[in-house]
Amino acid sequence: MRPRNFLAVGFLLIASCASFAVGQESARNPQAAHIGGAGQPVNVASPIPADPMNPRHANAFYLGARFELGPDWLFSPDDDPAYASPAYDDSGWKTVSTNKQLTDYGIHDIPYAWYRIHVHVAPRSNNLAVEVQHITGSYEMYVNGARIGASGKMNGMLESGQGYLTSYDIPDSMIAPNGDLVIAIRFAINRMGPSAVGTSTPLGKDCVFLASRDAAQRDASYEAAHQTVAYFIVFGLNLIVGIVALALYLAMRSQPEYLAISIALLANSSKAAVIIWNHLHGFTASADFLSYFAIGIANVAAIDFVRLIVHLRRSRWLLALEIVLFLSYFGVPLLDIGVLGGNYAPLLFALAVFFVPSLVVFSLLPLLLIWAALGGNRDARLFVPPFAFIGLLNCWNFLTTLSIVCPIMLKFPSMPLFHFGSYTADLWDLWDTIYCVTMLLFLVLRTIGIARRHALSAAELEAARTVQQVLIPEDIPTIPGFLLRSVYKPAGQVGGDFFQILPVRGGGVLAVIGDVSGKGMPAAMTVSLLVGTVRTLAHYTQSPGEILAAMNQRMLARSGGGFTTCLVLRADANGTLTVANAGHISPYLAGKELALNNGLPLGLAADASYIESTFQLPPGEQLTLLSDGVVEARSEKGELLGFDRVAKLSLNSAAEIADTAKAFGQDDDITVLTLTLQSPEAAHA
């Protein structure tokens with residue numbers, strides 16, 4: 001080969017090698033363009049420094065639209081505002097790595113710390129931002145001496161942190177013409193560290209980045225959506241079902257289970273809201289305590305709900321268990337702010353306080369539900385799966401935490417994550433969904449059952465009213481020589497008051513008044529039996545004592561645990577009154593209660609006897625018979641109308657007596673009968 005050709009081939013080989021080297025560099029660093037104007041990559045030739053990650057001259061010239069700052073930073077444990085200035089001489093500062101803890105450098109028990117890094121970007125760069133995430137403690141961010149952002153309180157802070165990704169725009173005017181930036185971060189250090197008081201490290205790996213503003217905004221929006229979407233779903237489910245449960249309880253106060261559900265779910269929604277706030281606005285000690293407070297309320301309400309479902313009465317040991325469980329949730333936040341001390345023993349104590357009551361409670365609750373379900377409790381069957389699930393999750397969480405604290409003793413896998421596209425959820429999110437759906441299903445089924453029972457009760461009540469209207473006489477028979485008046489005012493429910501007025505031989509009148517204990521259809525059917533008995537007996541005897549004795553025999557074994565009071569009175573044409581009483585209120589004559597020989601209420605004893613008492617009714621005098629609904633009328637203050645007032649009222653007409661009792665406060669059926677013996681002149685008139 002000729003020398004000239006040889007040289008040409010040599011040049012070609014050299015050019016090929018150079019192209020290959022550039023290609024290899026591009027393959028190793030696909031973002032091989034530096035941050036230029038408007039945050040866009042530009043192709044400007046510049047030599048790569050020997051150490052581009054050195055915190056004294058970190059070079060972002062070639063490192064694309066996003067550049068991680070670190071892992072090495074300049075560090076000072078002192079606190080001086082001058083440290084933010086780019087002109088400050090930090091040549092004497094220690095270099096620390098974010099891959100290590102500050103305690104690895106012998107640094108501990110400091111309230112404040114400063115981190116600085118010198119970064120070089122392309123000249124005339126603009127539209128830049130600093131991204132920050134996973135910070136422990138509070139901080140202030142400075143670029144070339146200007147404060148561009150902050151998170152948390154710098155003074156009087158117990159505990160703070162920022163797990164979410166946020167970005168702070170760097171004003172274009174703050175970037176030096178030559179592209180030099182001094183990024184300084186002032187930290188207020190958390191009192192408690194990972195192992196002891198005074199061992200907190202505020203800055204870790206992958207925490208601070210330099211990026212274009214557009215990329216930073218996209219990153220922050222993406223992280224916010226993906227970190228909070230599961231909690232937003234949990235928050236919404238718990239809030240909606242909790243409000244529904246509260247509304248149902250306000251409409252049906254007889255269902256305390258609804259109130260327990262409402263408290264539990266609204267507390268769960270509050271917990272989710274606090275977590276969302278922490279993700280979007282930063283973590284604080286007060287938010288930590290509020291979160292655990294909500295967890296305690298939710299779980300105490302869950303205990304009470306299970307107690308109501310399995311029909312357990314509230315006992316001292318159960319109340320003590322609820323108190324212990326509630327207080328146990330504050331062990332971890334107290335440890336986090338250093339109240340319990342700062343070594344291995346307080347950590348184990350706090351974990352024991354936190355986990356042991358929860359493990360006990362959420363092992364007992366599924367067992368109680370299973371026990372009730374085996375006894376035929378359908379509601380308990382519905383809640384066995386969610387409470388068994390949370391019991392399993394508590395055990396899993398405990399073993400996972402124990403394997404982290406004591407890795408030598410135990411190695412237990414973490415809970416799996418479920419991926420839905422770019423979103424993730426864990427088993428706790430799954431349990432929250434199952435719990436809400438189960439509670440909603442219970443509310444629907446229980447409310448439908450109550451509505452059906454109310455419909456049946458309404459139909460029964462209407463039938464009872466129909467029976468009662470048939471049995472209560474609408475028209476008082478006209479009996480010569482007597483002026484008869486009656487008023488019947490039923491209460492809201494169908495009661496057991498009854499009365500009958502029947503003419504007897506010789507021109508007299510037979511009056512019967514009574515009260516059956518109970519309400520609704522059972523009381524109406526008992527009244528039907530008694531009225532039929534009276535009407536039948538009146539054909540054979542007009543003796544009040546004999547009538548009551550026969551009624552008593554009819555009522556034996558038919559009272560159903562209740563009783564019936566009854567008074568039978570026969571008024572002869574000459575004014576003679578013959579009265580027998582079975583525990584009913586005595587009649588009033590001339591404003592005074594008649595002294596009668598009282599017998600037992602009907603249906604209580606087979607050998608009960610009813611002695612007759614005889615009185616004389618003067619012409620023109622009014623005899624008043626009434627039910628206990630008059631005497632027991634109750635005012636809004638709880639005061640009874642009482643016998644003294646009734647004695648004075650007995651001189652009034654039947655309508656006035658009934659109206660007065662109703663206006664005072666009707667609690668029961670009101671029945672009033674008045675009987676007046678007319679003089680011969682008045683009778684003929």
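Two strands pair if DSSP finds at least two bridges between them. Strands (E, at least two residues) and helices (H or I, at least four) are DSSP runs, numbered from the N terminus. This is a predicted model: local features need pLDDT of at least 70, side-chain atom pairs count only at pLDDT 80 or more, and totals for chains, interfaces and linings use all residues. Residues are numbered from 1 along each chain as its sequence is written, and side-chain values use heavy atoms, with hydrogens and water left out.

**View 1. An open sheet of five strands.** The strand order is β20-β21-β22-β23-β26, with antiparallel pairing. β20 (497–504) and β26 (613–616) each have a single partner strand, so one side of each lacks a neighbour in the sheet.

**View 2. The β22–β23 pair.** β22 (residues 564–571) and β23 (residues 576–582) are antiparallel and joined over five bridges. Alanine 571 stands opposite leucine 577 in β23.

**View 3. Helix α13 (residues 642–649) and its packing partners.** Gly642, Val646, Ala647 and Leu649 are buried (under 20% relative accessible area; exposed is over 50%, partly exposed in between; 1.4 Å probe, protein chains only). The buried residues of α13 pack against β24 (588–589), β27 (622–626), α12 (628–631) and α14 (654–665) (contact: heavy atoms within 4.5 Å).

**View 4. Isoleucine 370 in helix α7 (residues 344–374).** Isoleucine 370 is partly exposed, at 37% relative accessible area.

**View 5. The whole protein.** The protein has 15 helices and 28 strands. Of its 685 residues, 48% are buried. Residues 24 or more positions apart supply 73% of the contacts with a separation of 6 or more.
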